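Let's take a walk through this structure together, one piece at a time. Have the sequence and the 3D view open as you read.

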Amino acid sequence: MSDRLWYADVPVPQLMRVARDVYREAARRALEGAGCDDIPHNGAFVLAGLDHSAPEPAFSAQADVVGSLGLSKQAASQLIDTLVLREYLERRNDPVDRRRMEVRLTDRGRTAAVAIQTAIDAIEAALAQLITDEELCGLRAGLAAYRLIRERSGD
Amino acid sequence: MPTTRSLADTYVSIPELMRLARGTYKRAIDAEYAARGIDDLPAPGGYVLAYLANGEESIPEMIEGLGIKKPEYALFMDRLVLRGFITRDIDPNDGTASFALTERGHAAADAIFAGGRVVDKQLESKVSAADIGGMRRGLLALAEIKQSLPQS
């Protein structure tokens, strides 16, 4: 009997595609349940990354939010516009430097962000039952390394 | 000496890490396609060509896992046939279709494997074999979780 692990030959892109779907599907269901079914593509990442504090979440510089997305400036700005229009984000001028814009979660945005986080937490709890701490570290280290490879290939 | 914290050390959620990682293979494979003059492979046709190159038999089921439902399967395969990546043969006895790579399909599959090897080699230079094993196990565990979710 071979001692080669059965999953060793499944191509990583295929694994990654399926793995992404589990979060996407769980977030979609959680958002639908919370009445937030009109979040644009990548919008969940924006909402999940902002301060969730209640009742007054902190503002974040729009440039930082946009920069973290890894999208073109135009696409990222359109995404923020859509989230503002759909009442997930509140936008204002930075009171210190009025040339800059800031955003924060609205009540609706916070509802969505909490739903997303709850879905992620549930998956990560399930994941912790299936793999060891060392494997979880490997998962994180491997995924982080892909980002470096992509950046160095001229993203 | 100052230390630099890597992305893996700071807390970034796994879906966020996957978002940042995505496209790494695609970029490398696209470069290999371009080198072979291939610019019209419909997504996710690369997976289909790789399955065929690897001799996989349950292509419809595997494609469904990529988000193409069975009713769309025949149309999707039509596109690959029309663009010269695969051939379709119908069994005269039972009407079942079988597919095979054309020369162009083989060239595209070679590009996929070559692009994948480029990225895998870079990954091996950045993280340990144990971490790569852990990553694969973690991704598979996520796939298992997906399978356990009720179908919507």
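This is a predicted model: local features need pLDDT of at least 70, side-chain atom pairs count only at pLDDT 80 or more; totals for chains, interfaces and linings use all residues.

Which residues does Ala112(A) touch, once we leave aside its neighbours within four places in sequence? The list is Leu31(A), Ala34(A), Cys36(A), Ile39(A), Leu47(A) and Tyr88(A).

Now look at Gly109(A), which lies in helix α5 of chain A. Is Gly109(A) buried or exposed? Count the other C-beta atoms within 10 Å and you get 26. A residue counts as buried at 20 or more, so Gly109(A) is buried. Setting aside residues within four places in sequence, Gly109(A) is in contact with Leu47(A), Tyr88(A) and Leu89(A).

Next, find the strands of chain A. Three of them, in the order β1-β3-β2, form an open sheet with antiparallel pairing. Strands β1 and β2 of chain A are at the edges with a single partner strand each, so each has one side without a neighbour in the sheet. In general, strands of a sheet pair through backbone hydrogen bonds, either parallel or antiparallel.

You can trace both pairings residue by residue. Strand β1 (residues 60–61) of chain A pairs with strand β3 (residues 101–105) of chain A over 2 bridges, in the antiparallel sense. Across this pairing, Ser60(A) stands opposite Val103(A), and Ala61(A) stands opposite Glu102(A). On to the other pairing: strand β2 (residues 89–93) of chain A is joined to β3(A) by 5 bridges, and these two run antiparallel as well. There, Arg91(A) is the residue opposite Val103(A).

While you're at the sheet, pick out Met101(A), which belongs to strand β3 of chain A. Met101(A) has 19 other C-beta atoms within 10 Å, so this residue is partly exposed. Not counting residues up to four places away in sequence, Met101(A) touches Gln62(A), Arg91(A), Asn93(A) and Asp94(A). Met101(A) and Ala48(A), on the other hand, are 53 residues apart in sequence and 19 Å apart in space, C-alpha to C-alpha.

Time to hop over to chain B. How many helices and strands does chain B have? There are 7 helices and 2 strands, and along the sequence they follow the pattern α-α-α-α-α-β-β-α-α. Of the 152 residues in chain B, 32% are buried. Take the contacts in chain B between residues at least 6 apart in sequence: 52% of them join residues at least 24 apart.

Two packed helices are described by the angle between their axes and the distance between the axes. On the α3(B) side you'll find Gly46(B), Leu49(B), Ala50(B) and Ala53(B), which meet Gly105(B), Ala108(B), Ala109(B) and Ile112(B) in α6(B). By class, this contact has 6 nonpolar, 2 polar and no charged residues.

Finally, see how the chains meet. The contact takes 44 residues from chain A and 46 residues from chain B. On the chain A side, α1 (12–33), α5 (107–130) and α6 (133–152) are the elements giving two or more residues, and α6(A) provides the largest share, 17 residues. That side of chain A has 28 nonpolar, 5 polar and 11 charged residues.

One helix pair across the two chains deserves a look. The axes of α6(A) and helix α7 (residues 129–148) of chain B come within 6 Å and cross at roughly 95°, which makes α6(A) roughly perpendicular to α7(B). Among the residues making this contact are Leu136(A) and Leu139(A) of α6(A), along with Ile132(B) and Met135(B) of α7(B). By class, the contact of α6(A) with α7(B) has 9 nonpolar, 5 polar and 4 charged residues.

Methods. Residues are numbered from 1 along each chain as its sequence is written. Chains are lettered from A and ligands numbered from 1 in the order in which they are written. Two residues are in contact if their C-beta atoms, placed from the backbone, lie within 7 Å. Helices (H or I, at least four residues) and strands (E, at least two) are DSSP runs, numbered from the N terminus. Ala, Val, Leu, Ile, Met, Phe, Trp, Tyr, Cys and Pro count as nonpolar, Asp, Glu, Lys and Arg as charged, and the others, Gly among them, as polar. Two strands pair if DSSP finds at least two bridges between them. A residue is buried if 20 or more other C-beta atoms lie within 10 Å of its own, exposed if 12 or fewer, and partly exposed in between; C-beta atoms are placed from the backbone. Axes are lines fitted to C-alpha atoms, for helices over the stretch in contact, and angles run from 0 to 180 degrees between N-to-C directions. Angles under 35 degrees count as roughly parallel, over 145 as roughly antiparallel, 65 to 115 as roughly perpendicular and the rest as oblique.
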